Amino acid sequence: MDKNLKPVIFLMADDDPDDRLLIKEAFQESLVSNSIYFVEDGVDLLDYLRWEGKFSNPADAPVPDLILLDLNMPRKDGREALAEIKSDPLLRYIPVVVLTTSKAEEDIMRSYDIGAASYITKPVTFDGLVEAIRGLGQYWVQIVRLPVKEKA
Amino acid sequence: MINQIPSITILTAEDDPDDRVLVQDAFLESGQDNTLLFVKDGNDLLQYLHRQGDYATPGQAPRPDLILLDLNMPHKDGRQSLAEIKADPNLRSIPVVVLTASSSDEDILSTYNHGGAGFIIKPETFQGLVEVVKGLNQYWFEVVELANGERFNSVRIIHPRSPHPNETL
């Protein structure tokens with residue numbers, strides 16, 4: 001019952017290599033999608049989305065349908081990256097889901113305020129993470145229709 | 001911590017009374033006991049959220065945790081309502097999910113551009129709608145953390161009985 005016409009591409013920004021590996025395994029385990037790409041911080045995320053810097057070859061940086069965003073990252077953190085994405089007319093249509101260890105009420109409120117589509121606290125166990133990714137995939141891949149837009 | 005599970009309020013803006021009944025039935029069928037409230041168009045929705053007009057009585061209009069928004073409604077449509085909600089600093093943290101019969105690419109893109117947190121095409125069968133409601137509840141109330149919106153409304157609200165969707169709203 002996939003509501004979208006082409007495979008959904010996820011892009012995750014997370015600075016912790018262990019967390020990236022866990023997310024990748026959780027995606028495989030939950031069978032949500034194998035199309036998950038990773039960047040390491042907010043600067044890389046914006047470069048990826050704009051095909052700049054080390055992502056200047058569009059073939060290496062397919063346009064994501066959904067962004068998963070850690071909040072605490074070096075160079076440019078998730079809050080700044082989110083605000084930049086949501087104020088860019090070419091990028092703002094991409095839903096951004098915050099996936100972070102922070103449970104702070106202020107982070108939750110602020111993320112929604114600046115345009116996060118959802119806020120998920122990273123579960124502490126791998127099984128919990130698989131469940132969260134399964135729920136995420138069910139909603140964004142099977143229930144909602146995502147925009148079809150190729151970057152100009 | 002108050003030792004009590006807070007009730008979740010979902011506000012649905014839908015002009016078609018038959019569709020309101022279907023949504024209500026699908027929530028019942030999905031086995032969840034959240035508070036489901038209805039408004040009949042975009043004007044009504046914004047009045048509810050601002051606690052104006054028919055919704056001025058304290059406690060009558062609990063801040064919703066999630067808004068389900070039809071796009072095609074009289075007076076003020078879903079597109080304009082979404083833009084107004086997302087431009088309002090006191091309301092923008094409430095996730096708005098579009099639930100509509102439209103499947104136009106333009107409506108989908110515009111919904112996300114204006115801050116919608118999902119675009120759902122109304123399923124054609126009741127069973128399909130039940131599945132959607134189950135997935136919606138599971139994602140928003142089991143996977144996701146929602147903002148504690150009552151920051152803006154410090155009065156503790158007693159949730160009213162959910163009006164029957166056929167009631168005059």
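Analyst: A residue is buried if 20 or more other C-beta atoms, placed from the backbone, lie within 10 Å of its own; it is exposed at 12 or fewer, and partly exposed in between. By that rule, 40% of the 169 residues of chain B count as buried. This is a predicted model: local features need pLDDT of at least 70 and side-chain atom pairs pLDDT 80 or more, while totals for chains, interfaces and linings use all residues. Residues are numbered from 1 along each chain as written, with chains lettered from A and ligands numbered from 1 in written order.

User: What makes up chain B, in helices and strands?

Analyst: Chain B has 5 helices and 5 strands. Both are DSSP runs numbered from the N terminus: helices are H or I with at least four residues, strands are E with at least two. The order from the N terminus is β-α-β-α-β-α-β-α-β-α.

User: What share of the contacts in chain B join residues at least 24 apart?

Analyst: The share is 72%, among contacts between residues at least 6 apart in sequence. A contact means C-beta atoms, placed from the backbone, within 7 Å.

User: Why are H5(A) and H5(B) called oblique?

Analyst: Their axes cross at roughly 140 degrees and come within 10 Å. Axes are lines fitted to C-alpha atoms, for helices over the stretch in contact, with angles from 0 to 180 degrees between N-to-C directions. Under 35 degrees is roughly parallel, over 145 roughly antiparallel, 65 to 115 roughly perpendicular, and the rest oblique. H5(A) and H5(B) are therefore oblique to each other.

User: Is the crossing of H5(A) and H5(B) left-handed or right-handed?

Analyst: It is left-handed. That means the near helix is turned anticlockwise from the far one by less than a right angle; clockwise would be right-handed. Residues in this contact include Leu136(A) and Tyr139(A) of H5(A), and Leu136(B) and Tyr139(B) of H5(B). By class, it has 8 nonpolar, 5 polar and 1 charged residues. Ala, Val, Leu, Ile, Met, Phe, Trp, Tyr, Cys and Pro count as nonpolar, Asp, Glu, Lys and Arg as charged, and the others, Gly among them, as polar.

User: Which helix supplies the largest share of the side of chain A that touches chain B?

Analyst: The contact takes 26 residues from chain A and 26 residues from chain B. H5(A) supplies the largest share of chain A's side, 7 residues.

User: Which residues of H1(A) meet H5(A)?

Analyst: Leu22(A), Ala26(A), Phe27(A), Glu29(A) and Ser30(A) do. The axes of H1(A) and H5(A) come within 9 Å and cross at roughly 65 degrees. This crossing is right-handed.

Terms used
Two residues are in contact if their C-beta atoms, placed from the backbone, lie within 7 Å.
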